[in-house]
Amino acid sequence: MPQFSLYEEEFHPSPWQRTWAAFRSSHIAMVGLVMLGCFVFFALFAPIITPYDATEQNIDGLLIPPSWTANGVISHLFGTDALGRDLFTRIIYGCRITLGTAFITVVLAMLVGVSLGTFAGMLRGVRSSIANHLLDALMAIPTLLIAIIIVAILGAGLLNSMWAITLALIPQFVHHTRSFVRAEMKKDYIVASKLDGANRWQLFVHSILPNMIETLVVQGTLALSIAVIDISALGFLNLGAQSPLPELGVILADGLDAAYLAPWNVAVPGTAIFLMVLSINIVGDGLRSALRKRVSH
Amino acid sequence: MIQILTRYCTLLVLTLLVLAVMSFSLAYLFPGDTLENLTGLVPENEAQREALERQFKLDSSVVLQFFYYLGNLLVGDWGYSFTSGLPLLEEVGIALPATIELATYAMLMALFVGIPLGYYAGIRCYSTTDHILNSASMTTYSFPVFWFALLLILVFSLQLDAAPLSGRISLLYDVPRVTGFILVDVLLSDLDNKSLAFKDALSHIALPTFAIGAITTASLIRITRRSVIDVKHRPYIAAAVSRGLSSWQIFTRHILRNALLPILPLMAIQITTLITNAMIVETLFSWPGIGNWLIQAIYQRDYPALRIGMMAVSTLVITLTILVDLFNRIIDPSREKYEHAAV
Amino acid sequence: MYMGVVKRLTVALCTALLIVSCAKQNKKAFYNTGIIYCSESNPVTFNPQLDTSSTTSDATSHQLYDRLLDFDPDSGRIVPSLASSWLVTNDGLTYAFQLRRDVKFHQTHYFTPTRNFNADDVIFSINRWRLPSHPYHSVSGGRYPYFESLGLAQNIASVERVNGYRVEITLHRRDSSFLANLATDFAVILSQEYATTLFEAGSPSKIDILPVGTGPFKFESYRKDRFIKYLRHEDYWRKSELRGDDNVASSAEDFDNRSNVDANWQDNVQLNGNISNDDVTNVQQLIFDITPRSSLRLAKLMTGECDATAFPAQTELEVIRARNDLTLAEKPGLNIGFWAFNTQRPPFDNPDVRRALAAAIDKNTLLEAVYFDSATRAKTLLPAASWAFQNDADDTAYNPVLARQLLANAGVKEGFSMTIWAMPVERAYNPNATKMAELIQRYLQDVGIEATIVSYDWATFRRHLQDGLHDSVLIGWSADNGDPDNFYRPLLSCGAIPSGTNRAMWCDEDYDRLLNEALKTDDIDERTAIYHQVNRLLYERLPLVPIAHAYRYQAYREELNGVVINPFGGVRFGGVEKTL
């Protein structure tokens, strides 16, 4: 009698689990994920973990050095700035504002971009060609320029800079989605669904979108790192977030005036932005490699 | 061939037209008086205002106004700046070549350093050297460009006193403006101490170029590396190996050109990022380029300058992008991206 | 394959390093022929008569022009400049100026002078702002703010040309600060020949845009927000070997040649040969590099891209002091930061209340916290730089007990609320009025007074102050010349209330009487004695609490020699040399 094993099951990991396994195998990607997790934690729980208020000025304690230097005090972990505001608090809130705004911008851009891209991808004909080319060309306008124009029309401020960056990120999503959709539309399973009688909307939601999500996530991380750099650049140039809002670029610009007396005012916010972008990039890179490994097997 | 050229020319003209429409509409969208935004002139009394309005066709329909505006643009009559009162053509003519010079040198640095390094990393993929290069480029790529420039200033200018941090050349030199590119102009001029001036200009251009170039180099390294790795895993490379070609032969005959192709479309995005970074870095180094000029204009709400500046920069970037696309199309007609109208 | 890459990289790196290091060595020789000064903003015009901002004066007054008289930067006394000597009648109404000979105007690419400086230029320069009917009066706007604020045009009865090198100015009323006013940055001498040429060519406003003067530098070019380029004036009249002596000789000559030796003439010739330092220079170019941000100015100073810089910020002073290759020159400035009470509003019309408030604050803490050691404690209105300074003047002391007592006696209840208006802008005399207001708020809390801090944007702020909407205000004053009248009159005299400079809205007959008396005499000791009386009066009545006199700073590299801080006017580069 053949032995049949009752307890062996076939384990088919879903695509997500496979991606996650591949991601986990890279140490660097995990480190990046942990860093990113820290930043997200700071962003979400900022009011709980910060000891002071972000705009509270302490006139007696100006330009206190960070706690690890000789003159620093532990009550101000990163020291204070020229108006006596605690730098640690400001950095935490800054992470919240920068990362939060960048995230919202990316989500908005993704929504608009994906819809436009799918629409353009499903179109055919001369219209689509013209629209595609025009969009490609307009994609080339630099983010800073769009931001300047929007600031000139609407005025400076965090909200207006968000519009600018959303506008700048949309073309990338459109481009990517369009080429993806166009490539998918030729594939057999789409043809099969069409023969089954699916209309365009159902095609999109049930067939194309699930396949697109992974590339979307990768695109999203790329866009997120660009958004973080752009938001802080606009804040630095005083075109986006305005002082005293504790956005990381604004904190950097504020610290520039006292840069010789108090270099930590410039070093700490800059390092924060750098680490944030680095972790996003590492995670994005890891995701991309994981995806590639999964697809190529 | 002619077909492709005409298509791209039409595209260029269409896009520029769209830009002109946007630039024209900005005169209405910007706060303040439309007439002043359009011309840059502030009429002193009613009579002057009416004369200007008649001249710029503001009393007739919007379409007529636009065509008049377009005519002015093509001729070179771009209006005057609010802050300096100089004609905008002159201002842009001084500022734009400065940015182009900076961007060109940064791009050259990226091309000549980034692509070879990318190839190297790709060939020796997953080795230690590759990991080092990959991490270095990832780290550099993640630097916010303004912080990177600040660090360069702090280390090289202030600590080591190795390079100056503002301007294109020391103000003591009076270099007549011929082409707008400072290095060329110094060589063309007849100053007494030309070599000294040239060295001075070089030292001024060193830090800004490095700040922008390093980041572009890092992205180029990553792109090239990815492309090389993709090519390496193609079946025809395996076939070549199995046929017994040496690695050098494989590299020169197959990898070199095939890996180069996918990079080109991505160059367009790199150019855009390069110009944005150049504009930001210009403010830090007081480099008198178009980025610095535009940012000063927005601080002082100089609307005519913003209108024309936006037009100038967009035209530059779009022309470059379309040229790169055209180049791409010509040397690689197999791409499916640029589909014709399939009716 | 990869060896090629590495080799390429090394070669590129080596060339770059070589270029950078070579650049430094050859620098010195050429770079000694030019001085680059980092200035903080654009000049409004190139004629300081038309504007009072210090940026315009700094850029033009001592570079392009000369005045009839100058202030000696060390002693504050009035010394000859374009006027080699002068006489005043006994009644103090007529001033006769003997003008210097062989003074050449600038020869530029837009003008070539055909004659030397003479009386016609003086008459033109003064009549331009004095006479509304003068053809040049309304050119470039027609506002001469400094002279208008003094009412000088009304006081001058006539300006007469006695001969080619002698001018007589007659006043209506005695004014012992008249000579000081002629030595300010604003009383520059323009070229009448240039003015006529421009007028005939139909472009008179160019006189203020393409300027011509007699100063050590001549105008070359100007790009807004970027730079101003000046070239050395080779025929500048001040030469190094002719220090005070030759100038004395020329005036002695004129003495003997004087035809009418009128017994009424009082000799007031200043033979003080302290005509600053050598005004000849090896410097061929002077460039103003316009850099609005002070941290960037400091950075350029440190790398050597600027040789001197304007207005270093408080936080940067320590850095400059710490470096060996930079010098921070400081001098007590001609300014005063004070806390003024609106004496037209009760209870601030009661001197006891004012004295109580003054005793409630500790001025030393304010000095430390707001000025970071860059100011001296002010006892009276006048700083140490003025010749009428009173070192032993009475001063209020920190005494909260006395404050409470006086307040109780005056009937001010516990919890009384008042406003402190803090100016929103930074000035040398008060770099952070908001911070000072917060500190004062805390002191007042200790004596039972609730203070609220009020501020608006600068233009609105000044407007509301003029309307007298404040209870008290933290503001200050920078003087234009070394004369004490320039402090006392605009700040507290009755006539200054409508013009808005009298923030305490104070009008006291005794005070005004004393001030006018002081103007009637020319004797320095007499005037000083009167001003001591004024100080005593102010101490008793206390319409404002003087807080600090801020220092004037100038930061420059060690390669510059001969830099002198001028507390009485703008920066001057005439005698500055640059060495290795």
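**Exercise 1. Determine how many salt bridges are counted between chain C and chain A, and characterise this interface.**

Solution. The count of salt bridges between chain C and chain A is 0, a salt bridge being a side-chain nitrogen of Lys or Arg within 4 Å of a carboxyl oxygen of Asp or Glu. The model is predicted: local features need pLDDT of at least 70 and side-chain atom pairs count only at pLDDT 80 or more, whereas totals for chains, interfaces and linings use all residues. Residues are numbered from 1 along each chain as its sequence is written, chains are lettered from A and ligands numbered from 1 in the order in which they are written, and side-chain values use heavy atoms, with hydrogens and water left out.

Step 1. The elements giving two or more residues to the side of chain C that touches chain A are helix H9 (294–303), helix H10 (317–322) and helix H14 (433–446) of chain C. Helices (H or I, at least four residues) and strands (E, at least two) are DSSP runs, numbered from the N terminus. H9(C) supplies the largest share, 4 residues.

Step 2. By class, this side of chain C has 5 nonpolar, 2 polar and 6 charged residues. Ala, Val, Leu, Ile, Met, Phe, Trp, Tyr, Cys and Pro count as nonpolar, Asp, Glu, Lys and Arg as charged, and the others, Gly among them, as polar.

Step 3. Chain C and chain A bury about 940 Å² between them, 65% of it on carbon and sulfur atoms. Buried area is the accessible area (1.4 Å probe) that two parts lose on being put together, summed over both. In chain C, Ser295(C), Thr315(C) and Lys435(C) lose the most area to chain A, together 39% of what that side buries.

**Exercise 2. Describe the interface of chain A and chain B.**

Solution. Step 1. Chain A contributes 45 residues to the contact and chain B 49 residues, where contact means heavy atoms within 4.5 Å. About 4200 Å² is buried between the two chains, 76% of it on carbon and sulfur atoms.

Step 1. In chain A, His133(A), Leu145(A) and Phe274(A) lose the most area to chain B, together 13% of what that side buries.

Step 2. Between chain A and chain B, 1 salt bridge is counted. Asp285(A) and Arg222(B) meet through their side chains in a salt bridge (2.9 Å, N to O).

Step 3. Among the elements giving two or more residues to the side of chain A that touches chain B are helix H4 (126–138), helix H5 (143–154) and helix H10 (264–296) of chain A. H10(A) gives the largest share, 12 residues. The residues of this side divide into 31 nonpolar, 10 polar and 4 charged.

**Exercise 3. Locate the cis peptide bond from Pro346(C) to Pro347(C).**

Solution. Step 1. This peptide bond has omega near -5 degrees.

Step 1. Pro347(C) is found in the loop between strand E14 (335–341) and helix H11 (351–360) of chain C.
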